[in-house]
Amino acid sequence: MDINDISTAVRRVDALEKCSGTAKYVSDYDFNDCLWSKMIRSSIPRGIIKNIRIPTLPDGYFWVDYKDIPKGGKNYLHMIATDWKCFAEHDVRYTGETIALLCGPDKKILEDLYKQVEIEYEELEPAVTIDEGLNCKGGAFVNDNNIHCHLKLQVGDVDSAFKKADRIVTETIETGFQEHVYLETNGACCKIENNKYVFYVSAQCPFYIRKSIAPLLNISPDEIIVKQTVTGGAFGGKEHFPDVLCGPLLVAVHKIGKGVKLFFTREEDMENSVKRHPSKVVFKTGLDKNGNILAMESKVYYNAGGYLSSSFVVLQRGCFHVSGCYEFPNFSSEGFGVATNTFPSCAFRGFGAPQTLFAIETHMCHLAEMQGLDPLEFKKRYFIKKGGITSTNGKVVEDVKIPEMLNQVLKTSDYKRKVKQYALGSGKGIGISFYNHGGAFTGNGEQAIIKAKCKLKKYSNGKVEILCGQTEMGQGFKTILPKIAAKVLNIPLIDVIYNNPDTSKVPDSGPTAASRSTMIVGKLVEKAALLMKERFNKEKEFEVETSYEHPEGYDWDQENFQGYAYLGYGWGVCVVEVEVDPCTGEVTTKGIWSSHDAGHLIDEKIVHGQVNGGVIQGIGWASTEVMENINGYFKQKSMSDYIIPTSMDYPSQYVDFVENPYKWGPFGAKGMGELVFNGSGAAYIDALSRAIGKRISSIPCPTEKVMEYMLNGKDIKDSLNICR
Amino acid sequence: MIKDIDFILNGKKVTIKVNPLSRLLDVLRDNLNCKDVKEGCSEGECGACSVLLDDRIVTSCLIPIGAVQNHEIKTSNYVTSTEKGKIIAEAFADGGAVQCGFCIPGMIIAAYDLLSRNSNPTEEEIRLGISGNICRCTGYDLIVSSIRLAVERGGDIWKK
């Protein structure tokens with residue numbers, strides 16, 4: 001490859017086929033020999049199924065439910081936990097829970113039959129919010145307290161430090177649901193090919209699907225082949241959720257002996273899919289006479305929904321990130337995954353980190369404002385550095401370049417001048433946030449659970465194929481990974497083949513999640529390419545394999561969550577400037593400036609695109625993306641009532657980076673796909689609260705809420721609640 | 001009710017027997033195999049199903065096929081094979097406009113429609129021009145700059 005630096009942008013390998021529309025997404029396949037299907041779901045948030053009236057089915061139409069799971073099979077989806085049922089049996093825990101799959105050859109007849117299905121329930125009182133879950137409204141349905149999962153961490157000694165505090169203040173910060181709105185809705189097709197169950201599916205993690213659904217038929221995952229189709233966005237929403245489609249499809253194909261396909265409409269997808277966990281973080285902070293933080297306690301509550309599924313891992317990441325980019329002398333966090341009768345919450349870009357990072361950034365702003373200090377100056381006192389102790393009593397392994405990044409954004413945004421110029425409540429405001437994201441799986445996940453493997457194969461024609469399970473979902477990995485191989489081998493990019501994964505052909509390199517693909521699998525490819533290089537000209541056709549090796553001396557205790565949670569963090573600083581209409585509360589974003597540390601960038605244009613998209617998604621989450629669950633039903637069901645950013649909503653961003661090569665990443669690269677989401681919401685809310693002069697402690701904050709704050713909100717300078 | 005509908009699709013005359021109330025989107029995808037037209041929201045909000053109707057952008061999920069009788073439809077696969085469309089696609093590819101790609105066929109149609117009406121749009125005008133097309137990946141910046149790149153590369157071609 002004729003570029004000197006791996007960062008130099010190249011054209012994405014999949015760009016032109018996506019422009020012409022010839023890239024084949026799952027709904028673009030014919031699957032003519034397969035039956036259509038409709039999912040039958042619970043229409044109530046909580047209750048007992050009393051009776052199901054199935055209409056008389058014409059020949060060739062099938063009703064598939066839990067009774068069709070063969071003897072020895074288990075009615076669950078093995079995500080991380082195994083509690084999420086494939087089909088509801090006697091009770092339902094949330095609106096949209098899968099009860100059955102109706103299959104048949106004609107879409108219209110299927111639609112008619114679907115409307116004739118009648119389900120009688122004995123309805124029970126649902127618990128919908130975190131507080132309702134904690135109060136066991138309607139009676140506990142998980143354990144005896146509705147707590148799915150729990151953890152506790154401490155650095156130093158918070159209680160002793162509180163005794164020395166001049167005053168202790170408390171504050172609660174809340175965040176709401178967020179819907180992924182990947183432009184391509186969920187879809188999958190299962191067929192029998194050569195006596196194996198073969199799935200074509202829009203998904204992030206093909207190997208996850210095999211593992212999750214094989215127990216349904218009590219078969220080995222090898223009996224199932226998953227072929228990822230071009231995936232039209234995912235953002236975490238296609239990490240575990242495709243299992244919810246593929247499980248019932250597998251049981252249906254097993255029963256019917258014929259292929260079955262399932263595609264969600266947008267409304268169906270929005271009403272009946274996983275969302276970002278709503279959160280509530282309660283801080284208790286002890287200050288000395290001079291307003292310095294002596295100790296901070298945080299209680300982190302995540303609304304996990306009806307089943308645990310992946311929520312404990314999300315909660316862990318939340319608790320590991322709740323101290324933000326800061327090191328406090330005494331700090332504790334305690335996390336609770338709360339069971340409610342809402343659709344189970346699951347992965348969404350950031351995986352639990354954005355909620356707590358928003359919380360700590362916002363709390364830090366409020367601690368500063370109540371003392372009449374500029375939030376930036378206050379936050380600066382606590383920036384963590386290399387060697388600093390993390391919330392899990394590990395250390396930060398790398399250089400922390402926050403000062404350099406801060407200098408960049410101060411310069412580009414003219415922050416200091418604007419802070420002086422825009423008085424609190426003047427209608428103009430500028431805000432700033434600091435954030436990080438631990439790259440790859442937490443703790444020992446990579447070495448103990450994932451154990452990623454990757455292969456490179458050289459063919460006699462000189463072409464090289466990458467064999468691994470990573471998927472392209474828009475983030476650019478189909479270009480990033482071949483670029484790494486091509487650069488090491490010094491061959492043209494076009495000579496590197498990297499097909500969408502087919503689980504029967506590639507080794508399991510772990511999920512495409514947790515900002516781990518470039519950092520971990522990219523490194524495996526770099527290592528494999530280096531091994532291949534030595535033999536490249538001598539041998540015509542050969543294969544090399546590499547597997548993950550954890551650097552020694554960075555241990556993790558998974559039982560007590562102690563040690564090195566992450567070896568490499570991405571870091572970010574974001575500044576947002578807004579103007580608020582004093583009559584309508586309408587907010588105009590005037591500027592967005594950011595700087596990120598993603599190590600050494602593999603492709604500056606791809607990374608730039610990730611920053612742009614992540615930052616806007618983060619501001620959307622904090623502002624217009626209102627997803628309410630009223631009595632167990634999502635209120636927003638379409639793209640006309642769930643408002644995601646359009647091209648008119650935000651100005652072009654000013655994007656900067658710092659160079660900070662990561663010693664265990666390919667060419668020095670670190671993970672960054674989630675990082676870029678993690679901080680823009682807090683910067684936006686900081687700017688907005690300064691502009692209106694009111695304290696904002698919950699998101700989303702759409703125009704109508706801005707109005708409410710303007711009319712009845714607490715003054716930004718008011719003291720937080722003093723509890724001692 | 002089944003009727004013969006005649007129209008020009010991507011430069012070729014087609015006749016199709018179909019219920020005239022069928023959505024243009026379904027007829028294009030299911031009857032005429034134009035899989036380049038994507039279904040995103042089914043209610044005219046996201047623009048993924050955009051096509052050109054007599055060279056103006058429409059969302060094909062909202063148009064009954066009967067309304068297309070004797071009119072001309074162009075989809076992104078065809079548009080990107082034309083001289084102007086190629087310039088847009090190449091600029092999108094070089095400018096980093098494409099991520100997951102699901103909105104892109106519609107976005108190409110929006111860019112084409114815009115540049116046919118305005119040969120030298122400002123950033124504001126570009127943002128307005130693509131405002132009916134939702135993208136969840138890019139935050140729009142690189143789409144906007146890619147359209148500028150197409151303007152610069154095409155030069156006078158946009159005045160034709």
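In chain A, six strands form an open sheet with mixed pairing, in the order 7-15-14-13-8-28; strands (E, at least two residues) and helices (H or I, at least four) are DSSP runs, numbered from the N terminus. Strand 7 (147-155) and strand 28 (721-722) of chain A are the edge strands, each pairing on one side only, where two strands are said to pair if DSSP finds at least two bridges between them. Strand 7 of chain A runs antiparallel to strand 15 (residues 331-339) of chain A, and 8 bridges join the two. Within chain A, C149(A) stands opposite G337(A) of strand 15. In general, the strands of a sheet pair through backbone hydrogen bonds, in either the parallel or the antiparallel sense.

The model is predicted: local features need pLDDT of at least 70 and side-chain atom pairs count only at pLDDT 80 or more, whereas totals for chains, interfaces and linings use all residues. Residues are numbered from 1 along each chain as its sequence is written, chains are lettered from A and ligands numbered from 1 in the order in which they are written, and side-chain values use heavy atoms, with hydrogens and water left out.

Strand 1 (residues 35-41) of chain A is mostly covered, with 6 of its 7 residues buried; buried means under 20% relative accessible area, exposed over 50% and partly exposed in between (1.4 Å probe, protein chains only). Strand 1 of chain A pairs with strand 5 (residues 98-104) of chain A in the antiparallel sense over 6 bridges, and T98(A) in strand 5 is the bridge partner of R41(A). Strand 1 of chain A also pairs with strand 12 (residues 260-263) of chain A, in the parallel sense and over 2 bridges. Here W36(A) stands opposite K261(A) of strand 12.

Two loop residues of chain A were also examined. N186(A) lies between strand 8 (167-175) and strand 9 (187-193) of chain A, and counts as buried because its relative accessibility is 2%. Leaving aside neighbours within four places in sequence, the contacts of N186(A) include S202(A), K238(A), F241(A), L262(A) and D269(A), contact meaning heavy atoms within 4.5 Å. E659(A) is placed in the loop between strand 27 (654-658) and helix 17 (680-692) of chain A. With a relative accessibility of 44%, E659(A) counts as partly exposed. Residues up to four places away in sequence not counted, E659(A) touches K401(A), G599(A) and H600(A). Between E659(A) and A669(A), which are 10 residues apart in sequence, the C-alpha to C-alpha distance is 9.7 Å.

Chain B contains 6 helices and 5 strands, which follow the pattern β-β-α-β-β-β-α-α-α-α-α along the sequence. The radius of gyration of chain B is 15 Å, close to the 15 Å given by the globule rule for 160 residues, so chain B is as compact as a globular protein of that length; the radius is taken over C-alpha atoms, and the rule is 2.2 Å times the number of residues to the power 0.38. Along the principal axes, the C-alpha atoms of chain B fill a box of roughly 50 × 30 × 20 Å. Of the 160 residues in chain B, 58% are buried. Among contacts in chain B with a separation of 6 or more, 57% involve residues 24 or more positions apart.
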